[in-house]
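Dear colleague,

I am handing over the structure below, and I would be grateful if you could look through it before reading the notes that follow.

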Amino acid sequence: MARVWDLNNINQRTKAPPYIDAIIFDLDGVITDSADFHLQSWKRLADEEGIPFSPSDNEKLHGVSRRKSLEFLLGDRQVTEFQAEEMIARKNRYYEQLLSSITVDDLIPGVRKLLVELERKEVKIAIASASRNAPSVVDRLEIRDKIDILVDGSSVTRQKPAPDLFLYAAHQLGVPPCRCLVVEDAASGIEAAHSAGMVVVGLGLGERIAAADLVLPDLEDVTFEDLSYAATWRVSEPEFIPAYQHYRETIFTQGNGYLGTRGTLEERYPFDQPATFVHGFWDDAPIVFTELANVPDWTALELRVNEHWFRLDQGSITDYSRFLDLRTGVLHRRLRWTHLEHGSAVDLHFLRFPSLAEPHVMVLRVHITPVDFPAQVDVRVMLDSHVENQGLLHLHTLSQYGDEHQAGLLVKTRHTGKLLAMSARLQAHGGSHDSMGLNCPGCPGINVTAHLEANQTLTIDKVVAVYTSGEVEDPLMHTQLKVEEAAQTGFQSLREANDEAWDEFWETSDVIIEGDDEAQLSLRHALYQLRIAAPTTDEHVSIGAKTLSGFGYHGHVFWDNEIFVLPFFTYTQPSLARNMLMYRWHTLPGARKKAQDNGFTGAQYAWESAETGEEVTPTWVPHSHDKTKLVRIWTGDIEIHISADIAYAMHQFWQVTGDDDFWRDVGIPILLETAVFWGERAEQEGDKFAIRDVIGPDEYHDHVDNNAFTNRMVQCHLETALDALDWLTDHAPEYASMLENRLDLTPARLAHWRRVIDGLIILQDPETGLVEQFEGFFQLKEVDWPTYGGRTKSMQELLGIEGANQCQVLKQADVLMLLCLLRDQFDHQTRQVNWDYYNSRTDHSYGSSLSPSIHAWNACELGRPEVAYEHFMRAARADLGDIRGDARDGVHAASAGGLWQAIVFGFAGLRLEEKDHTLRPCLPAHWTRLAFRFYHRGIRHEVDLGRATAGD
């Protein structure tokens with residue numbers, strides 16, 4: 001459903017890039033209220049012909065051609081062509097008589113002011129009306145000089161709800177369809193605009209305009225920014241550029257919490273990187289130990305028109321538009337393809353979605369319409385197991401089948417022996433068609449051959465089901481049953497269920513930013529990507545650093561999840577957050593093994609974790625520039641703060657949700673067992689304790705001693721563990737006693753923890769509050785930053801690994817992150833002095849994508865919203881802007897989660913108290929509104945901030 005907005009809250013300014021370059025207005029009911037003239041004209045004709053006609057009947061004629069309107073009016077009544085033409089002409093004479101009274105005063109309020117603004121902002125303007133009288137109406141309204149083009153019913157053959165009129169207008173304006181916005185008041189016009197791949201603003205009330213992307217009551221006091229806000233629910237591609245395809249495959253990734261599918265083209269394209277990843281479907285791999293195996297391509301489809309294969313690298317492409325609808329998770333692609341040799345054109349519309357309501361079901365639909373010639377169309381839908389992980393093959397095909405209705409496939413991972421099955425069901429509608437099974441080795445499918453007349457549409461629905469042996473004993477049988485059930489449900493019902501599931505998510509989790517379309521779109525895309533990667537029901541898996549969107553980091557789970565991603569879910573979708581925290585419970589044996597392998601008792605979580613929780617960080621990797629050399633990766637050995645990060649997330653979840661059962665049964669046992677490790681890892685040096693030879697969050701520096709972030713988080717961990725044990729003793733004394741015995745939590749051990757807390761080295765100047773990142777950091781060489789102006793590489797690449805290690809240059813926020821996570825433990829002076837020192841020494845442009853959101857949060861704590869905004873947008877552009885040039889590897893999950901934290905904890909200044917919350921808004925000057933929802937101990941709260949609330 002479209003969102004209805006209060007115009008008093010709609011943004012008045014924007015710093016967004018031009019997502020919309022042209023506005024196309026309908027005429028009747030949008031520019032002038034001549035719809036009543038149509039009513040009177042049709043009513044007069046109906047009365048003359050003795051046909052019942054009411055105002056409600058007229059509603060169905062909005063935006064419809066004269067011929068279609070007459071057909072509706074006549075119903076079952078048969079007339080000759082001559083009679084029909086006479087009736088249409090008669091109705092038009094009545095209408096023209098009424099039009100003669102129109103003057104400039106009949107412009108709908110707000111229209112002239114809006115047209116003047118659009119002209120000033122150099123936004124192109126068109127009027128597209130099904131009425132052939134549109135030119136005379138526009139002249140009478142005296143707005144011809146305010147528009148760039150006017151198109152009417154005589155401009156095209158097919159009328160609304162066909163997209164032709166709006167596509168013709170876009171052609172005349174020279175603007176790609178997905179950069180056009182249509183303003184309409186009729187259901188047929190909204191359908192036509194959507195069919196053209198355009199954004200739609202609906203005017204009025206009622207069901208007829210509910211399908212619009214944004215609904216407004218009228219155009220009075222409406223600005224361009226009010227209209228363009230409708231585009232903040234979609235990520236669009238105005239043209240296909242091969243050089244951008246890998247990055248766009250990432251940002252168009254779809255999923256449902258069970259699997260993720262990259263946004264590759266169904267018919268494929270040279271050098272593309274198709275991939276679908278299923279949570280928990282691991283297989284062994286060289287160097288990286290294990291990785292999520294790329295599973296068969298469920299989207300695979302081939303299309304042939306009159307014996308010519310459809311491909312984007314062959315033939316002529318016009319009317320191209322591809323966009324991901326973030327509101328529903330549906331990926332659309334619309335285009336007109338003309339084979340150069342044959343010269344014939346065909347309109348294609350692809351849409352697909354993995355169902356959020358039915359996680360094991362995926363749906364693909366394609367509409368195929370020959371434009372001006374009869375055509376034989378062959379469509380092959382397939383399940384393609386010929387997939388790989390960047391050169392590594394993981395799958396054996398065990399069995400397959402294909403008949404005229406259904407195809408299936410059973411595969412097995414080569415090393416771990418996991419099974420995965422897919423079944424596809426095909427349904428075809430339109431034209432004369434036949435189908436037959438395909439049984440190509442490793443690629444079963446179904447072929448449909450159809451004979452279509454010009455403007456006749458063939459619709460292909462491909463419904464796919466997938467299961468693995470991780471969920472069921474017989475995956476193939478389950479896919480066969482599920483796909484049959486889904487096919488019987490039908491495309492429309494499957495889509496409605498999916499849309500409803502997404503509505504439920506956005507109802508709680510959407511964040512509204514008005515005054516900045518780019519920030520709004522980027523944040524919604526980030527939250528969408530997090531949701532599609534979050535396991536809905538499986539507590540044995542979690543979100544990897546690149547979600548389920550790319551080959552980067554092989555699906556491995558890092559601290560990114562607990563520190564950057566989980567807060568969003570903890571505050572808005574606590575059941576999903578609990579699932580991901582339970583992953584750490586199920587991988588606790590792997591953490592015990594790592595501690596034991598390193599000579600400690602207790603539990604030490606792996607830096608990179610997969611199925612078992614054992615360490616899967618590569619030990620050596622090939623040098624990026626010299627393949628004869630290897631580079632030692634130390635993070636798996638000595639970046640150990642992750643155990644404290646997990647404890648922090650466990651405690652935060654309990655504080656926010658009040659889930660005592662989780663805290664008792666999961667959180668506290670993990671907290672205590674990892675505290676045992678820390679008690680042994682801290683080395684006593686006199687009356688002090690040190691943690692030496694580590695890597696902190698700033699990975700430009702390795703083998704450092706007493707990293708401030710690590711040591712303070714360990715202190716916090718041990719403090720929380722002691723408090724948690726006291727809580728457990730009060731609330732579940734027998735369980736507390738059992739844990740004390742199992743973990744050997746003797747009075748002596750607990751006393752040792754207290755000594756570690758008191759004596760752990762934190763290098764901080766007592767007078768200024770400046771924290772030294774690690775021992776000796778202040779003695780490292782300074783970097784002459786102006787020398788590196790205009791660089792396009794990270795400082796580590798320019799200085800070398802050892803060179804960066806010897807300089808005061810940071811990959812990411814380290815001390816500053818500590819000031820955020822433990823923000824109530826530091827005063828303003830401490831925050832300011834550390835900001836002044838470390839912000840200027842951080843590689844903001846090409847360091848870590850984790851860092852910008854933390855800097856944004858910090859700047860808000862200092863009351864500097866414009867500085868915060870600069871850092872926030874670095875994070876916002878990590879994926880949609882690909883500003884680091886690495887989005888092809890997958891979505892930056894930590895950056896996505898960090899955006900939400902920067903918004904909620906930074907710009908809104910949310911702090912929780914025991915039973916309430918406080919806000920300290922710090923909004924950028926051009927943001928006119930910030931609104932979001934969150935849960936605190938099971939109660940939903942709403943925050944709605946405007947400039948008046950936030951202050952200047």
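**What was found**

D105 lies in the loop between helix 4 (81-99) and helix 5 (111-120), where helices (H or I, at least four residues) and strands (E, at least two) are DSSP runs, numbered from the N terminus. This is a predicted model, in which local features need pLDDT of at least 70 and side-chain atom pairs count only at pLDDT 80 or more, while totals for chains, interfaces and linings use all residues. Residues are numbered from 1 along each chain as its sequence is written, and side-chain values use heavy atoms, with hydrogens and water left out.

D105 is exposed, with a relative accessible area of 67% (exposed means over 50%, buried under 20%, and partly exposed in between, with a 1.4 Å probe and protein chains only). Together with D33, D36, D106, E142 and D145, D105 belongs to a patch of negative charge on the surface; such a patch is made of residues with over 30% relative accessible area and no salt bridge, like charges being joined within 9 Å, and a salt bridge is a side-chain nitrogen of Lys or Arg within 4 Å of a carboxyl oxygen of Asp or Glu.

Elsewhere, 3 strands form an open sheet in the order 9-10-11, with antiparallel pairing (two strands pair if DSSP finds at least two bridges between them). Strand 9 (254-255) and strand 11 (276-278) stand at the edges, each with a single partner strand, so one side of each has no neighbour in the sheet. Strand 9 is joined to strand 10 (residues 259-261) by 2 bridges, and G255 has G260 as its bridge partner in strand 10.

In the loop between strand 9 and strand 10 sits N256, which is buried, with a relative accessible area of 0%.

Technical notes: Patches are made of residues with over 30% relative accessible area and no salt bridge: like charges are joined within 9 Å, nonpolar side chains (Val, Leu, Ile, Met, Phe, Trp, Tyr) within 5 Å. Accessible areas come from the Shrake-Rupley method with a 1.4 Å probe; for residues, only the protein chains shown count as cover. Lys and Arg count as positive and Asp and Glu as negative; His and the chain ends are not counted. The place of a charge is taken as NZ of Lys, CZ of Arg, CG of Asp or CD of Glu.
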